[in-house]
Amino acid sequence: MQEHEKQQLAGPFPDELVLRSDAALGVGNNPISDSSYHGSDSLAVIEEVIHRAYLSKLVGEEGLRIVECIPGEEITDERLAELTGISLNTVRRTLYLLYEHRLAIYRRKRDPDSGWLTYLWQLCPENFDKALESEAKRLLRKLEERLVYEKENIFYACTEGCARFVFDEASDANFVCPFCQGSLEYMENAKVVEAIEKQIKDLKACL
Ligand SMILES: [Zn+2]
């Protein structure tokens, strides 16, 4: 069974960002495992998660690697391709995508000897902050909806770990898992509620 199918059964929000953040923030059984989150305090982790989720949605995973290699000063597209090992075409596509979203700017410079044009790129940190703030607000709304859903429902889960169901779904299925025919048993969700409440509190502190 696919992960997204499970998630759709588990909640009304098959939203990619929320799911991504769920995994990264440790709702459910997914602890923060990415090594880049080591030792960060929780605010920094949350900012990092929002930042990555937002960017990867915009420019994809390769694009995210490119963005992470852009220094605080100007850099050429060729140099970025060298640094990341990603094709120049992809680097350029990513940079123009960032440009369209006002997250990067460029300046053209003509080489006095060859006459070739070089593009010098730079990120726009102030626009990043604005974009991230609206992304954080969107995430906050999703988390608040999710919290209500968790508090208003009683959950049953397959003992084999296939999926989680709300009471009505479990009851309609006679408490038999539709995927593996295993039994569906009551599942405590206080930990999930607690984790979401903590995320909401931390997220509010970021805004
Ligand atoms: Zn099952």
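Predicted model: local features only at pLDDT ≥ 70, side-chain atom pairs only at ≥ 80, totals over all residues.
Four donor atoms count as tetrahedral if all angles between them lie between 85 and 135 degrees.

**View 1. The zinc ion sits in a tetrahedral site.** Four cysteines coordinate the zinc ion: Cys158, Cys162, Cys177 and Cys180. Each uses its SG atom, at 2.2 to 2.4 Å. The angles among the four donor atoms run from 103 to 112°, so they fall within the range of 85 to 135 degrees and the site is tetrahedral.

View 2. Cys162 lies in the loop between strand E4 (155–158) and strand E5 (164–166). Cys180 lies in the loop between helix H7 (167–172) and strand E6 (184–187). The pair therefore ties together parts that are 18 residues apart in sequence. Cys162 is buried, with a relative accessible area of 16%. Cys180 is partly exposed, with a relative accessible area of 33%.

**View 3. Tyr99 and Trp121 form an aromatic pair.** A pair of aromatic rings is described by the distance of the centres and the angle of the planes. The model holds twelve aromatic pairs. In the pair of Tyr99 and Trp121, the rings are 6.4 Å apart, centre to centre. Their planes stand at 85°, and the pair is edge-to-face. This pair links distant parts of the chain. Tyr99 is in helix H5 (residues 88–100), while Trp121 is in strand E3 (residues 117–123). The two residues are 22 residues apart. Trp121 counts as buried, at 2%.

**View 4. Ring pairs build a cluster.** Tyr99 and Trp121 are among its members. Tyr96, Tyr106 and Tyr119 also belong to the cluster.

**View 5. Glu150 and Arg164 meet through their side chains.** Glu150 lies in helix H6 (residues 125–152). Glu150 is buried, with a relative accessible area of 1%. What joins the side chains of Glu150 and Arg164? A polar contact of 2.7 Å does. Leaving out residues up to four places away in sequence, Glu150 touches Phe155, Arg164, Asn189, Val192, Val193 and Ile196.

**View 6. Arg164 sits over a ring.** The ring belongs to Phe155. The charged end of Arg164 is 3.7 Å from the ring's centre. Both Phe155 and Arg164 are also touched by Glu150.

Notes: Residues numbered from 1 in each chain as written. Heavy atoms only, no water. Phe/Tyr/Trp six-rings, centres within 6.5 Å; stacked < 30°, edge-to-face > 60°. Helix = DSSP H or I, 4+ residues; strand = E, 2+ residues; numbered from the N terminus. Buried < 20%, exposed > 50% of the residue type's maximum accessible area, 1.4 Å probe, protein only. Lys NZ or Arg CZ within 6 Å of the ring centre and 35° of its normal. Donors = N, O, S within 2.8 Å, 3.2 Å for Na, K, Ca; no water. Tetrahedral: all angles 85-135°; square planar, octahedral: opposite > 155°, others 65-115°. Polar contact = N/O pair within 3.5 Å; in protein donor to acceptor, adjacent residues only side chain to side chain. Contact = heavy atoms within 4.5 Å.
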